[in-house]
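Subject: Structure handover

Hello,

Here is the structure I promised to pass on. Please open it first, then read the notes below it.

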Amino acid sequence: MADPGTAADRPGKTGKKRPVPVWARKSTLVMLITVLALAAFGTTTQTWMSATLDPNQVGQAGAAQNAIQVQGSKAATTVTALALVALAGGLAAAIAGRIARWVITAIIVLASAGVAAAAATVLADPLAAAQGSIAAATGVSGSQAHVELTAFPVLAVVAGCLLVLAALLIVPASRYWKSRTKYDAPATAGAAAPVGPVDEIDSWDRLSRGEDPT
């Protein structure tokens, strides 16, 4: 006599699919990467440090500008570019195939680590980071100055580190994402059309295969 509990315990074809965790949803993860990348970019538009010059060293011309405000885009020029790379990578990961998604994840991780490293370099040696702005304002390079940091380079480091973690989540989260291209879809002859809500990207993919999404 068959054990009545066996059939119940055996996974059936009609069983419900496991719900996608909140952290693994494509919209959630892409939004998180976008917000963090924009946050890192936004810090570069703010003042990262204030350099107070020594009047005895820079002369009267420099003394007239004894307080120089240095923006993040001047103190760490690479942060702006790398933040944009991470932003573009996060958006590209939403429509990329499985293999391309791994490559994009690596690019986002490297760009995010670069953001954190560049901002940390400013924190480690703020005077060196301010020398370019000091020389542009006074015409004197290698000047000594008292540099006071704001909170924005710290926020850039935090945003870069969080971006690395968010990018690494793409790898496990992508297992829950639907295939977006014909190369990712299983090559099953006469496969039935997917059941459930279809978004705009799915509609375009089905149109490219000659199917009618309606």
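Start with Thr34, which is found in helix 2. Helices here are DSSP runs of H or I with at least four residues, strands are runs of E with at least two, and both are numbered from the N terminus. Thr34 counts as buried, because its relative accessibility is 15%. The cut-offs are these: buried is under 20% relative accessible area, exposed is over 50%, and partly exposed lies in between, with a 1.4 Å probe and protein chains only. Leaving out residues up to four places away in sequence, Thr34 touches Leu87 and Leu91. Contact means heavy atoms within 4.5 Å.

Before you go on, note that this is a predicted model: local features need pLDDT of at least 70, side-chain atom pairs count only at pLDDT 80 or more, and totals for chains, interfaces and linings use all residues. Residues are numbered from 1 along each chain as its sequence is written, and side-chain values use heavy atoms, with hydrogens and water left out.

Helix 2 spans residues 26-43 and also holds Ala39. Ala39 is partly exposed, because its relative accessible area is 36%. Its C-alpha atom is separated by 6.7 Å from that of Ala159, 120 residues apart along the chain.

Strand 1 (residues 47-53) is joined to strand 2 by five bridges. Two strands pair if DSSP finds at least two bridges between them. Thr52 stands opposite Ala67 in strand 2.

Last, the inside. How many cavities of 30 Å³ or more are there? The count comes to one. A cavity is a set of points on a 1 Å grid over the protein atoms alone where a 1.4 Å probe fits but cannot get out, and lining residues have an atom within 4 Å of a point. The volume of the largest cavity is about 40 Å³. Its lining is Arg98, Arg101, Trp102, Thr105, Ile170, Val171 and Ser174. Helix 6 (98-124) and helix 9 (170-173) each supply at least two of the lining residues. The largest share, four residues, comes from helix 6.

Best wishes

How values were computed:
1 Å grid on protein atoms, 1.4 Å probe; cavity = no way out; pocket = protein on both sides within 12 Å on 5 of 7 lines; lining within 4 Å. Points joined across faces, edges and corners; volume = space filled by probe spheres on them.
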